[in-house]
Amino acid sequence: MPLVTTKELLLDAQRCGYAVGAFNVENMEMVQAVVAAAQELNSPVIMQTTPSTVKYADLAYFYANVKTAADKASVPVVMHLDHGNSFDLAMQALRAGYTSIMIDGSHDGYEENIAVSKAVVRACHPSGVPVEAELGKVGGKEDDLDGGEGNPYTDPLEAKEFVERTGVDSLAVAIGTAHGIYSGTPKLDVERLSEIRKVVSIPLVLHGTSGVPDEAVQECIRRGICKVNYATDLRIAFSRGVKAVLEKNPDIIDPKKYNAQGREEVRQYVMSKIKVCGSEGKARTLEHI
Ligand SMILES: [Zn+2]
């Protein structure tokens with residue numbers, strides 16, 4: 001089916017108390033793996049690329065890849081810009097055909113974040129493309145951006161005002177997760193999440209989920225998270241598959257031989273996370289979109 005937007009997907013997730021997994025893809029094999037996993041579990045799915053990924057190739061390459069996979073699939077597939085770091089990049093993604101856009105102004109001041117998020121909303125909504133923004137700072141290192149020290153969590157009342165003033169469709173919140181690899185088990189401020197949920201009606205998004213225990217993710221979903229982002233663990237899974245083949249057969253020169261194993265590792269990983277998110281079988285209820 002043609003690519004869909006995150007709008008209906010996340011609203012259905014919010015209504016029915018599950019989340020849609022959003023998986024960062026870096027190459028064709030990862031795209032194929034994510035769609036195969038979603039297809040097998042009859043789940044909606046979001047694929048996303050960061051600024052550094054689209055710098056490596058470009059938006060058109062990734063769009064074509066994901067669109068091709070979506071066209072062949074019978075489940076709803078979204079192409080999302082993850083951590084769009086400028087108004088310009090957001091517009092390039094919109095023009096390239098991305099069906100969901102994140103503008104991340106969380107590294108700037110509060111008013112600057114509002115201004116850029118609002119501008120992206122104004123540009124995207126006429127085309128029916130929903131916008132995700134971020135308030136507060138998710139820790140660790142996402143892409144080339146450093147979450148920095150201190151990692152201020154999202155303030156519920158600020159979140160309420162931010163959503164009202166920007167008109168964004170979903171909001172990434174900072175409650176203690178971090179991008180990259182955790183050194184210990186992260187401690188999440190789930191009470192804060194519930195406080196945000198009480199005053200913000202749009203779907204909430206959890207970033208930096210690789211390495212967060214599944215039970216903690218599910219607790220967050222119960223408290224209002226509708227989109228869960230996984231990036232680091234997909235890289236780990238893909239690389240593990242490739243390495244396993246090359247370590248066993250160092251003379252292999254056909255990329256298909258080792259990439260296939262990377263793809264299989266990612267497929268299995270994504271299937272397990274779709275189950276954690278509770279979106280298994282949910283493609284059925286979204287048939288009308
Ligand atoms: Zn993120």
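At what angle do helix α10 and helix α11 pack, and how far apart are their axes? The angle is about 140°, and the axes lie 7 Å apart. This is a predicted model.

**Helix packing**

Helix α10 covers residues 232–248, and helix α11 covers residues 255–277. Their crossing is right-handed. On the α10 side, the contact includes Asp233, Leu234, Ala237, Phe238 and Arg240. Gly241, Val242, Val245 and Leu246 of α10 also take part. From α11 come Lys257, Tyr258, Asn259, Gln261 and Gly262, together with Arg263, Glu265, Val266, Tyr269 and Val270. By class, the residues of this contact divide into 10 nonpolar, 4 polar and 5 charged.

**Aromatic cluster**

One of the α11 contact residues, Tyr269, also belongs to an aromatic cluster with Phe23 and Tyr230. The model has 3 aromatic pairs by the ring-centre rule. Two pairs from this cluster are listed here.

| Pair | Centre to centre | Angle between planes | Geometry |
|---|---|---|---|
| Phe23 and Tyr230 | 5.7 Å | 10° | stacked |
| Tyr230 and Tyr269 | 6.1 Å | 85° | edge-to-face |

Why does the Phe23 and Tyr230 pair count as stacked? Planes under 30 degrees apart count as stacked, and the planes of Phe23 and Tyr230 are at 10°, so the pair meets that rule.

The pairs also link separate stretches of the chain. Phe23 lies in strand β1 (residues 20–24) and Tyr230 in strand β11 (residues 225–230), so this pair ties together parts 207 residues apart in sequence. Tyr230 of β11 and Tyr269 of α11 are 39 residues apart.

Tyr230 is buried at 1% relative accessibility. Tyr269 has 13% relative accessibility; the cut-off for buried is under 20%, so Tyr269 counts as buried too.

**Zinc site**

Which residues coordinate the zinc ion? The donors are His83 through NE2, His179 through NE2 and His207 through ND1. Their distances to zinc run from 2.0 to 2.2 Å. Along the chain, the donors follow the spacing H-x95-H-x27-H. His179 sits in strand β9 (residues 178–179). His207 sits in the loop between β10 (204–206) and α9 (214–222). These two histidines are 28 residues apart and link distant parts of the chain. Both His179 and His207 are buried.

Definitions and conventions:
Residues are numbered from 1 along each chain as its sequence is written. This is a predicted model: local features need pLDDT of at least 70, side-chain atom pairs count only at pLDDT 80 or more; totals for chains, interfaces and linings use all residues. Side-chain values use heavy atoms; hydrogens and water are left out. Axes are lines fitted to C-alpha atoms, for helices over the stretch in contact, and angles run from 0 to 180 degrees between N-to-C directions. Helices (H or I, at least four residues) and strands (E, at least two) are DSSP runs, numbered from the N terminus. A crossing is left-handed if the near helix is turned anticlockwise from the far one by less than a right angle, and right-handed if clockwise. Contact means heavy atoms within 4.5 Å. Ala, Val, Leu, Ile, Met, Phe, Trp, Tyr, Cys and Pro count as nonpolar, Asp, Glu, Lys and Arg as charged, and the others, Gly among them, as polar. Donors are N, O and S atoms within 2.8 Å of the metal (3.2 Å for Na, K and Ca); water is not among the atoms, so sites may look incomplete. Buried means under 20% relative accessible area, exposed over 50%, partly exposed in between (1.4 Å probe, protein chains only). Rings of Phe, Tyr and Trp (its six-membered ring) pair if their centres lie within 6.5 Å; planes under 30 degrees apart count as stacked, over 60 as edge-to-face and the rest as tilted.
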